[in-house]
Amino acid sequence: MKFYDLHVYSSFANGQPTLEQLAQTAKELDYHGICYVVYFEGKEREKIVETQIKEVSRKIGIEILLGLKARNVKELNFLAGLRRDFDLLLVKGGNLDLNRAAVETPEVDILAHPELGRLDSGFNHVLAKLAAKNNVAIEMNFREILTSSKRSRSLILAHMRENVKLAKKYHVPIVLCSGAISNWELRDPQVIIFMANQLGLELKEAKECISTIPENIINRARERRDEKFIMPGVRVVK
Amino acid sequence: MRQVKKLKIVLSTLREKERYVKFKIISQEPIIYSDLEDAILNTFLDFYGEQGFSSLSFWIMKDLYDEENQTLVVRCNHKSVSQVIAGLGLISRLGDSRVIFKILKVSGSIKGLKPA
């Protein structure tokens, strides 16, 4: 089974270690691929990052994708227009308006931690229906659980459990990610699977959330970057 | 010499089904066993509470600790394997060293954990 972690940072974004260290640790933990997430800081910087990704990917022997993360609605609309320039589009959840805009945009691949910094789960049946319609995956971020404790951790777990319940009911894809900002925050896929199992996913579903669903997202991203692609369902055949 | 009375062994059908989880500790610096034991027990007690921890039938197999490869085996009942593995993932530090737990194998017997 191929495991993917679609949400990791490195020194180019906010984290401390280099991409090489991250890729090395991910390889050691039996990941088949990771998505290296950065914030948009101009097209030139994006090209530098992409070159580095190719270099590290070849050196370590692990699949690395480039993901861009939108922090507000304006940035999201801008990045949705540049969708062909990078692999995955993630949205930093937590803000209700941004959560809504993310699930309404078909160009978005993942809505990351919709419950971040909130006293509610940040996701309801209305958003769930929209997410299912536009095929936007909801992320369960392990780092949120890892870095919190006591009351805040129990709140996060309760919100995640609620989101899982809604996602299962409305057939919203779920992805399990480490959300690591350092190679020491990466976790064994089995640990993430069993934690998701604690949050209400069946073992088989949890395995799909870290292997099949991310793989489908990656395939869709590759298709989107293809020259023959026009829009979902439409491509040049001749 | 005073003899210690031993309990009669419980019938195999009434005994709890055990699972052994073998894992490797990837760390920045070599780790000390006592730090590892403290971290595991404290994390589990914090996360599952006393009542929840008691239902895991959790036991650290100290004699199976391999200092060279930094591998350890823990025992739990067959219903709580997922809780044990999820709980191990919540340990991020041992003393001053940052750590990652890599699950190597889950088996019903110690013999099954040995490489073929």
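In the predicted model, the contact between the two chains involves 13 residues of chain A and 14 residues of chain B. On the side of chain A that touches chain B, the largest contribution comes from helix α8 (residues 189–198) of chain A, which supplies six residues. By residue class, this side of chain A consists of seven nonpolar, three polar and three charged residues.

The largest nonpolar core comprises 98 residues, and Leu111(A) and Ala196(A) have the most contacts inside it. To this core α8(A) gives the most, again with six residues. In soluble globular proteins, nonpolar side chains tend to be buried together.

Chain A contains an open sheet of seven strands, arranged in the order β1-β2-β3-β4-β5-β6-β7 with parallel pairing. Strands β1 (4–8) and β7 (174–177) of chain A form the edges, each pairing on one side only. On average, and with direction ignored, neighbouring strands of the sheet are turned by 30° against each other.

Within the sheet, strand β4 (residues 88–92) of chain A runs parallel to strand β5 (residues 110–112) of chain A, and three bridges join the two. Lys92(A) has Ala112(A) in β5(A) as its bridge partner. Leu111(A), one of the two residues with the most contacts inside the core, falls within the residue range of β5. Leaving aside neighbours within four places in sequence, the contacts of Leu111(A) are Val91(A), Gly93(A), Asn99(A), Ala102(A), Val103(A), Ala131(A), Val136(A), Ile138(A) and Glu139(A). Of these contacts, Val91(A) lies within the range of β4.

Conventions:
Residues numbered from 1 in each chain as written. Chains lettered and ligands numbered in written order. Predicted model: local features only at pLDDT ≥ 70, side-chain atom pairs only at ≥ 80, totals over all residues. Pairing = 2+ DSSP bridges. Helix = DSSP H or I, 4+ residues; strand = E, 2+ residues; numbered from the N terminus. Axes fitted to C-alpha atoms, helices over the stretch in contact; angles between N-to-C directions. Contact = placed C-beta atoms within 7 Å. Nonpolar A, V, L, I, M, F, W, Y, C, P; charged D, E, K, R; others polar. Core = buried A, V, L, I, M, F, W, Y, C linked by C-beta atoms within 7 Å. Buried ≥ 20, exposed ≤ 12 C-beta atoms within 10 Å, placed from the backbone.
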